[in-house]
Amino acid sequence: MSQYSKVIIFIVILIVFSGAVIYLHNTESSMNQSMPDISSSIVAGDSDYNSAVDLLNGKNYNEAKNKAISAKNNFNQSMIQLLSIKNNITSDTNDVHKNYINTVIKELELKINATKYLLESIDYYEKNQNSSGNEHSSHANQLMRESIDFQNVRNNLVKENPNLFK
């Protein structure tokens with residue numbers, strides 16, 4: 001093999017390696033840039049969900065429904081962004097980041113389902129079908145309690161790895 005061929009092969013390998021490093025950095029950088037928006041949407045969804053429950057308890061069904069829909073929209077917005085990030089994760093992505101994304105996705109799946117049950121319970125209460133409304137409300141509460149477990153795992157991941165979450 002000539003010197004020229006060796007130099008060309010070395011340059012190609014260097015370019016491929018540099019591209020991989022840049023791609024990995026951009027994936028994690030993109031995740032770090034997106035997470036504040038995702039977290040804000042989750043917090044807003046949690047707040048709207050809690051407001052919907054309070055309004056439902058006060059039998060203000062229209063406002064409860066509006067807040068529950070807003071919660072659902074916030075949770076769905078976060079989920080869309082997370083799934084986009086997850087689709088760009090490579091095998092070189094840090095395991096803590098992978099675990100974080102998967103944990104938040106599980107948390108949001110539960111919150112989205114809880115909101116679905118809350119909306120259904122509101123519909124039942126509006127029709128004076130209190131037994132069905134209570135059943136759906138109870139299920140919504142259980143799902144939301146389960147989501148808190150994942151939220152705690154998420155918060156602990158950030159707390160234990162401050163250098164990875166900026």
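The largest nonpolar core of this predicted model has 32 residues. A nonpolar core is a set of buried Ala, Val, Leu, Ile, Met, Phe, Trp, Tyr and Cys residues joined through side-chain atoms within 4.5 Å. Buried means under 20% relative accessible area, exposed over 50%, and partly exposed in between (1.4 Å probe, protein chains only). Met 35, Tyr 49, Leu 82, Tyr 100, Ile 101, Leu 108 and Leu 118 touch the most other members. Two or more residues each come from helix 1 (3–57), helix 2 (61–87), helix 3 and helix 4. Helix 3 gives the largest share, 13 residues. Helices are DSSP runs (H or I, at least four residues), numbered from the N terminus.

The axes of helix 3 (residues 95–126) and helix 4 (residues 130–160) come within 8 Å and cross at roughly 165 degrees. Helix 3 is therefore roughly antiparallel to helix 4 (angles over 145 degrees). Axes are lines fitted to C-alpha atoms over the stretch in contact, with angles from 0 to 180 degrees between N-to-C directions. The contact has 16 nonpolar, 13 polar and 6 charged residues. Here Asp, Glu, Lys and Arg count as charged; Ala, Val, Leu, Ile, Met, Phe, Trp, Tyr, Cys and Pro as nonpolar; the others, Gly among them, as polar.

The buried residues of helix 4 include His 136, Gln 151 and Arg 154.

Ser 70 lies in helix 2. Ser 70 is partly exposed, at 27% relative accessible area.

Residues are numbered from 1 along each chain as its sequence is written, and side-chain values use heavy atoms, without hydrogens and water. Local features need pLDDT of at least 70 and side-chain atom pairs pLDDT 80 or more, whereas totals for chains, interfaces and linings use all residues.

How values were computed:
Angles under 35 degrees count as roughly parallel, over 145 as roughly antiparallel, 65 to 115 as roughly perpendicular and the rest as oblique.
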